[in-house]
Amino acid sequence: PQGPHSAQKICRALPSRRPMLVLLVHLSRGVASPLAPPRVNDATIAKARAYFALGNRVPQQLGPTNAADLREALSEDFEFVAPLVGPLGKEALIGATASLDLEAAIPDFDARYHDFRIDEDDPNRVWCTMRCRGTHTGTLNFGGIQAEAKSPPVAFESPPEAVSLRFDGAGKLREITTGYPMDRRVGTTGGLGGLFGVLEGIGFPLPPVVTRSCGDLLGPALRLLRLAPPPPEPSLLEVPRLAGSDALSEERLLELCAALLETDYGAERPELLADSFTFTGPVVGPLGKAEFLSSYGESNLREAFPDLEYSYRDVRVCPFDVNRVWYTYSRSGTHSATLRLLGSSYPPTGKRWQAPPECGSAQFDTEGRCVALTGGYVMDRRMGNTEGLGGLFGMCVALGIPTPYPAWLVRTPQQNWQRLLASR
């Protein structure tokens, strides 16, 4: 979706020189200044905060679990959607959360909701971010699992997760999307969000066929056959930790972010990237500076998608990670000319590529050099025409051309099975 920001709208056509790797995370070029900040509507955001607070008995819960509260707050046509769950209707959500008692299981549970903002296209939709943490000291009952506390108690932290709430005209909650991880490097849940991530973090993981992609599960075998690269160094899967004294001003961070985007993430000015720089996406990476820069190549996306646009929005400084800037982006364009991609050519299909909203971030050191870049994290799998996939995979799906490797590898076995059944 393209936003209505007029002069501040961050939408740019893609230049003819473009690296294939950047298709996974690329936003725009010639970024306007100032960057468009998040939209705020105090009354609508207050509705979201009030919903999260219903029946709360911990520092901050995921959401209400009392059946009476949910029946009052949710509309009759309510829908719940997470990356690996849903859509669930009103009664299904009430049933799924009936036995969940965070106060008894994790009394210090804190969802740490923050960065509340209004969707650029729907004034009744509120986006926010959560970063759950807590200590498992009691019995957690959920989804048929009875997770007893261990000794010593296990503390967990989830990655930042994208959350949204959409209200109807009567003020009832019509929709929740939640549990979409924004950075798999963060936390102790193996990159999983929501209650699946909580269970993983406290040592009671769900079956891997439910939570892990086929690529993850087959990785060891593929590496033995030399069909997959070796696993990355653990140090590359850590968020750079900067001291509070290293913090730059918000104005300076937004300037640095704009400069990074204007130079193709430093491809045109490698000195903007620190020697310790890494890029990490949900599938690709982590890549070091040399590998990231060497991944750049020739493409003709401007010719293949003459109307290609990017919607760049909700630029904000992270309140948890020092010198980190978050942003949301979407992409759309029509395949109107021959596309050259990864050594192959594809004649124009006339098809439209409409990507879902994706999340990215850039983090900087005290000298203003980028130390970490993330991108390609889908925030709502229902949106767009990419079957919930982001980046290069999503573009290929939208056009009906081969993905870099089989798309079933980026889905869980359960998702693949559900897709097979739905196709019959």
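A residue is called buried when its relative accessible area is under 20%, exposed when it is over 50%, and partly exposed in between (1.4 Å probe, protein chains only). By this criterion, buried residues make up 50% of the 424 residues in the protein chain. The model is predicted: local features need pLDDT of at least 70, side-chain atom pairs count only at pLDDT 80 or more, and totals for chains, interfaces and linings use all residues. Residues are numbered from 1 along each chain as its sequence is written, and side-chain values use heavy atoms, with hydrogens and water left out.

The protein chain contains 12 helices and 18 strands, taken as DSSP runs (helices H or I, at least four residues; strands E, at least two) numbered from the N terminus. Its radius of gyration is 21 Å, close to the 22 Å given by the globule rule for 424 residues, so the chain is as compact as a globular protein of that length. The radius is taken over C-alpha atoms, and the rule is 2.2 Å times the number of residues to the power 0.38. The C-alpha trace spans about 55 × 50 × 45 Å along its principal axes.

| Peptide bond | Omega |
|---|---|
| Gly 86 to Pro 87 | about 10 degrees |
| Ser 151 to Pro 152 | near 0 degrees |

Pro 87 lies in the loop between strand 1 (74–81) and helix 3 (90–97), and Pro 152 in the loop between strand 6 (145–147) and strand 7 (154–157).

Arg 112, a non-glycine residue, has a positive phi near 50 degrees and is buried at 12% relative accessible area. Asp 115, in strand 2, is likewise not a glycine and has a positive phi of about 55 degrees; Asp 115 is buried at 18% relative accessibility.
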